[in-house]
Amino acid sequence: MNKKLFSKSKGAAPGTIIYEGDTAPVQTNITCCKIMNDKVIENDVIDYDNKDKYVTWIRVTGLSDSSRVIEALKPFNISSLTLEDVFETYHNPKFDDTFDYNFIIMRSLSINNTNIQDNQISFIQKDNFLITFEEYHCDEFNIVLQRIYKHFNNFYTRGSDYLLYALIDAMIDNYIMILNSINLSVDSLEDTMTLDVACPCDTSKLFTLKRHVNFLSRHTRASYDVVNQLLKLSIEHNSEDNTVSIVPYYEDLFEHAMYLNEAILYCKDSIRSVYDENMSRMQLKSNKFINILTMLSTLMLPPMVIGGIFGMNFEQIPFTSYSHGFAVSVFAMFAVSLMLAWFFKKKNFF
């Protein structure tokens, strides 16, 4: 979860392609998946021709070997500035229309114990091909790959736009699953506080949930803008040709992104209310403790006053020569303290 906000080699010129990840390097793996009308072919050799009608998905996993990736993608004429953004893995989600192709950056998130792992995913999409770059392996893409093998004709007829939609939709769905997990944890804290109205909840766990939601919110807001731009682009393309319309799918994706942002706001409000309730309980517990100490100090005041009076260094003090003076003074100490205790109890001070 401790992701770099910015990291660039000092003095490097624009377009310099250097892997800037802060995770452990993953071995670079490149696969080519050809989606045809009647079958799917997947291998490690990139065999692409822009005149072919089938949909080509180039999947690059692991960005440590930048030279290999650059050499393998030469047929696609990708700008060095685009590749620079691909290998600098600190970007927030964004969408760039470079006229030659669409360039999208998203972030895949996963919860591991108390930490959220962050994985930058880049997309380059044009006509009949889609290239994806994964900082490290993205499990959501395996689900889409299984769907491709089951329903390859749907991906073939709808083109690379639909493949791009399916991959981003899987990532948005994963955001929703993470948020649901956080909501369940918040509900669990609320239930614990309900069962024991006097006891505050685990503050460290509450702060962890708050940090996770803030981290998730930062990426989902930007993802919402990306999906909105993709929807506008799909509407423009739909008006230009008579191919299978992809607009309804991006509209559905836009609704999911909008729901996700609203759900995050609700989750933030829930965490804030639990935090406020927890702080009030901690304050109440502290006040009760201070109240008890105040009562004890007040109850000990009469014996201290009486003992102080008879402990003064004067030759003539009343009752000093009385044979039962000590017993009377002790009795007076306890009597006054008991009267004060009875008075405080009557007033419900404790």
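Me: In what order do the strands of the open sheet come?

Reply: In this predicted model, seven strands form an open sheet in the order S2-S1-S3-S7-S6-S5-S4, with mixed pairing; strands are DSSP runs of E with at least two residues, helices runs of H or I with at least four, both numbered from the N terminus, and two strands pair if DSSP finds at least two bridges between them. S2 and S4 (94-97) stand at the edges with a single partner strand each, so one side of each has no neighbour in the sheet.

Me: What should I know about the numbers?

Reply: Residues are numbered from 1 along each chain as its sequence is written. Local features need pLDDT of at least 70 and side-chain atom pairs count only at pLDDT 80 or more, while totals for chains, interfaces and linings use all residues, and side-chain values use heavy atoms, leaving out hydrogens and water.

Me: Is S1 mostly covered or uncovered?

Reply: S1 (residues 29-35) is mostly covered, as six of its seven residues are buried, meaning under 20% relative accessible area with a 1.4 Å probe, protein chains only (exposed is over 50%, partly exposed in between).

Me: Which strands pair with S1, and how many bridges are there?

Reply: Seven bridges join S1 to S3 (residues 55-61), antiparallel, with Thr31 partnered by Arg59. S1 also pairs with S2 (residues 40-43) in the antiparallel sense over four bridges, where Cys32 has Asn43 as its partner.

Me: Switching topic, where is the kink in H4 centred?

Reply: The kink, about 120 degrees, is centred on Gly159, the bend being the angle between axes fitted to the seven residues ending there and the seven starting there.
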